[in-house]
Amino acid sequence: MPLKKIVVLFSGKGTNLKNIIKKLHKKEIGGCLYEISGAICNKKEAQGIDICKNYHIPFGIIEHKNFNSREEFDRKLVQSINFYKPDLTVLAGFMRILTPIFTDNIKAINLHPSLLPLFKGANAIEKSFYSDMKIGGVSVHYVSSELDGGKLILQECFKKEEDETLDSFTKKIKEIEYRLLPNAIIKILGV
Ligand code: GRF
């Protein structure tokens with residue numbers, strides 16, 4: 001059975017990392033065995049590190065603040081990802097703008113909490129919630145040198161209710177994220 005190796009990059013809570021581990025790690029799905037071979041974080045205080053420890057996922061911390069340029073950081077990141085020889089790298093809340101040193105060398109996908117191409121960049125949930133739009137959504141796309149601009153893989157939208165609060169809106173996004181990201185990984189890596 002083909003083994004599909006995944007590396008996850010994250011910066012914060014890591015709830016999507018946890019979800020991917022629970023749904024895919026060491027699981028046989030559609031004729032493939034999935035493995036979260038490693039995780040890399042750019043913040044040493046990120047809560048997601050405890051998730052790696054709890055689930056015995058090898059992890060590395062590469063603090064971007066210790067590098068003189070984005071390129072230098074990306075070079076180290078690429079080297080660390082390649083150590084695991086992954087089939088796919090998954091950005092799950094990885095809050096960094098990446099240079100071509102990363103995007104030209106790593107096959108990666110990103111999870112974004114809006115209906116791209118709308119509301120690119122930081123604070124997408126707030127921007128989407130406070131906009132005039134009657135729907136919100138989640139996108140998974142390939143990582144390219146354009147921020148949140150690579151080819152879309154999966155996208156799902158939902159209705160913004162009249163009495164919607166930022167909390168209920170965020171909850172709906174999270175629910176979709178936990179379904180969409182594993183599905184996108186299987187869509188790409190599945191046989
Ligand atoms: C998610 O909402 C994702 O769409 C965005 O960053 C967030 C990460 O959340 N890119 P978590 O750390 O997985 O909880």
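This is a predicted model: local features need pLDDT of at least 70, side-chain atom pairs count only at pLDDT 80 or more; totals for chains, interfaces and linings use all residues.
Residues are numbered from 1 along each chain as its sequence is written, and side-chain values use heavy atoms, with hydrogens and water left out.

The chain holds six helices and eight strands, where helices (H or I, at least four residues) and strands (E, at least two) are DSSP runs numbered from the N terminus. Its radius of gyration, taken over C-alpha atoms, is close to the value of the globule rule (2.2 Å times the number of residues to the power 0.38), so the chain is as compact as a globular protein of that length.

| Property of the chain | Value |
|---|---|
| Radius of gyration | 16 Å |
| Globule rule for 191 residues | 16 Å |
| Span of the C-alpha trace along its principal axes | about 50 × 45 × 30 Å |

Buried residues, meaning those under 20% relative accessible area with a 1.4 Å probe and protein chains only, make up 47% of the 191 residues.

Lysine 160 is found in the loop between strand E8 (152-159) and helix H6 (166-189). Although lysine 160 is buried, it has no salt bridge, which would require a side-chain nitrogen of Lys or Arg within 4 Å of a carboxyl oxygen of Asp or Glu; the nearest side chain of opposite charge (Lys and Arg count as positive, Asp and Glu as negative, with His and the chain ends not counted) is that of aspartate 132, 7.1 Å away. The side chain of lysine 160 does, however, reach the backbone oxygen of serine 131 at 3.0 Å.

Definitions and conventions:
Buried means under 20% relative accessible area, exposed over 50%, partly exposed in between (1.4 Å probe, protein chains only). A polar contact is a pair of N or O atoms within 3.5 Å; within protein, one must be able to donate a hydrogen and the other to accept it, and residues adjacent in sequence count only if both atoms are side-chain atoms.
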